[in-house]
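Visitor: I have a new model on my screen and would like a tour. Could you show me how to read it, step by step?

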Amino acid sequence: ETSIYQKGLKYERPPFTFHSDLWEPEAEKRMSAESKGYVIGNAGTGETARKNREAFGKWSIVPKRLVKTSSLPDLSTKVLGKEFPFPIAVAPVGVQRIFNPDGEEASAAAAAAESVPYIMSTASSTSIEDVAKAANGNGTRWFQLYWPANENDEITASLLSRAKKAGFSALFVTLDTYILGWRPSDMDNGYNPFLRSDKIGVAIGFSDPVFRKKFKEKHGVEVEEDMHNAAAEWTRTVFPLFSHGWEDIKFLKQHWDGPIILKGIQTVGDAQKCVELGLQGIVVSNHGGRQVDGGVSSLGVLPRIVDTVGGKLDIFFDSGIRAGADIAKALALGAQMVLVGRPYVYGLALGGEQGVRHVLKSLLGDLELTLHLAGVESASPKHLNRDVLEREDR
Ligand code: FNR
C-alpha cells in the first residue's frame, strides 16, 4: 500500500489531495446544501461527534526503535473466521446517489478493487441486486439491516433472502437508528433524503416483492401509482420509531444463515449479551455522533468493551476515523477491524469510484507507514497492542 505514496508523488496523480483533513472542506464545495447538511450534520449540538474526534487525541503513539523488520508489511486481520488483507471496511451509508450519480455502485466497485469489504445500507439508493453486480461479483459484500417492526417480519425475511442470494455473506444489524436522531441541519433544510421526489432513497423498498405486495393489498394500487405514500410507508417500515428487544434476535438467527454482527454497541452489558447469544461480532459505534447528542465517544468505550468480551466475538469499531493513526489506535485498543464512514463519502462526492479508491488507498498507506515507523513488527495489526499507546491525560 505504500506504493500509493511513492507513485502518487511522481507518476499517478490522485484525483484530489492526500490531506485527509481537507476531504471534508473540499467535498463541501461540490455538494448541494441538502447533501452537505445530511453527511456533515450531527445530532443536536454535535457534542458526540466532537468527542469522537477528541478521544483519539487522548491516546498517543509511542514509537519503538530498532525493531528489526524481517518481513514485508502485512496489514491483514482475521474476522468472521476469515483472513482479510486490510483491517478496514466501508461503513454502511444510505442514499449515496445524492453525493454522486454513480452512488453505491461506485463505492462498491471501489471497495472490491481495493480488497476492502463493502457494507451495504438498507437505505441505499441502489437495489441489493444492482450493488452486487457493480463489482462484477467480486469483493466481500456484507448487508446492513435497518430492522422493520415485528408486524413486517415478512419484509425483513425478504430483505435477508435477497441479500443472501446476491452474495452478501454477513449481516450487520444497526440498533441505534429505529428513529432518526435530532438533526438540525436536515430540519433547517426541510430535508429528508428518504422522501425525495426522485425516490432514490427508497430503492430497496420499491424493488422488494414483499413490500410491493403488502402495499398493493393495503392500498389497492401499485407502488408506482402512489409514489409519495409508498415512499412514506417504506420509510416508516425501516425506521419503525420503536426498538426491538433482545428476544427478537432469534428471528434474525432463524432467517439468516451466516454471521450476525450488532452495530451501535456502546456498553459492556450489551456486548456481553451479544456473547451470551452466540453472535459473531459487534460494531462499537455511535453512528458518527448522528443519533444521540451529549453522548460518550465511541473510542472512549472501546477499551472497557474489549477487556470484557475481547476474544469471545469480533470487535469492529467506527465513529471518528479520519486518518491512518486513528485506525492504528482503534486496533491497538483491541478492535479487529474499523469501519470508515464519512471520509469515503467525501471521496465519492469528489471523484466517484476513483475518489473512493483514493480515500481507501490513502488511509491504508498512511496506516502502514504509521505502524511501520512506530516499530510495530511487519506493520501488522496482529502485533499491535496497548503497549504502543500512551494516555496523554493521565
Ligand atoms: C451513516 N451511517 C449509517 N449507518 C447504518 O448502519 N446505515 C446507514 O444507512 C447509515 N447511513 C449513514 C449516512 C451518512 C451520510 C453517514 C455519515 C453515516 C453511519 C455509518 O455507518 C458509521 O457508523 C459512521 O459514519 C461512522 O462515523 P464517521 O466515520 O462518519 O465519523
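**A first look**

Guide: The protein chain has 16 helices and 12 strands. Helices (H or I, at least four residues) and strands (E, at least two) are DSSP runs, numbered from the N terminus. This is a predicted model, where local features need pLDDT of at least 70, side-chain atom pairs count only at pLDDT 80 or more, and totals for chains, interfaces and linings use all residues. Residues are numbered from 1 along each chain as its sequence is written.

Visitor: What radius of gyration does the protein chain have, and what would a compact globule have?

Guide: The radius is taken over C-alpha atoms, and the globule rule is 2.2 Å times the number of residues to the power 0.38. With 394 residues, that rule gives a value near 21 Å; the protein chain has 20 Å, so the two agree. Along the principal axes, its C-alpha atoms fill a box of roughly 75 × 50 × 40 Å.

Visitor: How do I read contacts along the chain?

Guide: Two residues are in contact if their C-beta atoms, placed from the backbone, lie within 7 Å. Take the contacts between residues at least 6 apart in sequence: here 73% of them join residues at least 24 apart.

Visitor: How many of the residues count as buried?

Guide: Count the other C-beta atoms within 10 Å of a residue's own, all placed from the backbone: 20 or more is buried, 12 or fewer is exposed, and in between is partly exposed. Of the 394 residues in the protein chain, 50% count as buried.

Visitor: Can you walk me through single residues?

Guide: Ser 32 sits in the loop between helix H2 (20–30) and H3, and it counts as exposed because it has 12 C-beta neighbours inside 10 Å. Its C-alpha atom is 8.8 Å from that of Ile 98, although the two are 66 residues apart along the chain. Asp 270, in helix H13 (residues 268–276), is partly exposed, with 17 other C-beta atoms within 10 Å.

Visitor: What about backbone angles?

Guide: Most residues other than glycine have a negative phi. His 287, not a glycine, has a positive phi of about 60 degrees. His 287 belongs to the loop between strand E9 (281–284) and helix H14 (298–309), and is buried, with 26 other C-beta atoms within 10 Å. Ser 378 also has a positive phi, near 55 degrees. Ser 378 lies in the loop between H16 and strand E12 (389–391) and counts as partly exposed, with 18 C-beta neighbours inside 10 Å.

Visitor: How do helix H7 and helix H10 cross?

Guide: Axes are lines fitted to C-alpha atoms, for helices over the stretch in contact, and angles run from 0 to 180 degrees between N-to-C directions. The axes of H7 (residues 153–165) and H10 (residues 209–219) come within 8 Å and cross at roughly 155 degrees. That makes H7 roughly antiparallel to H10, the word for angles over 145 degrees. Glu 154, Ile 155 and Ser 158 in H7 meet Pro 209, Val 210 and Phe 211 in H10.

Technical notes: Parallel < 35°, antiparallel > 145°, perpendicular 65-115°, else oblique.
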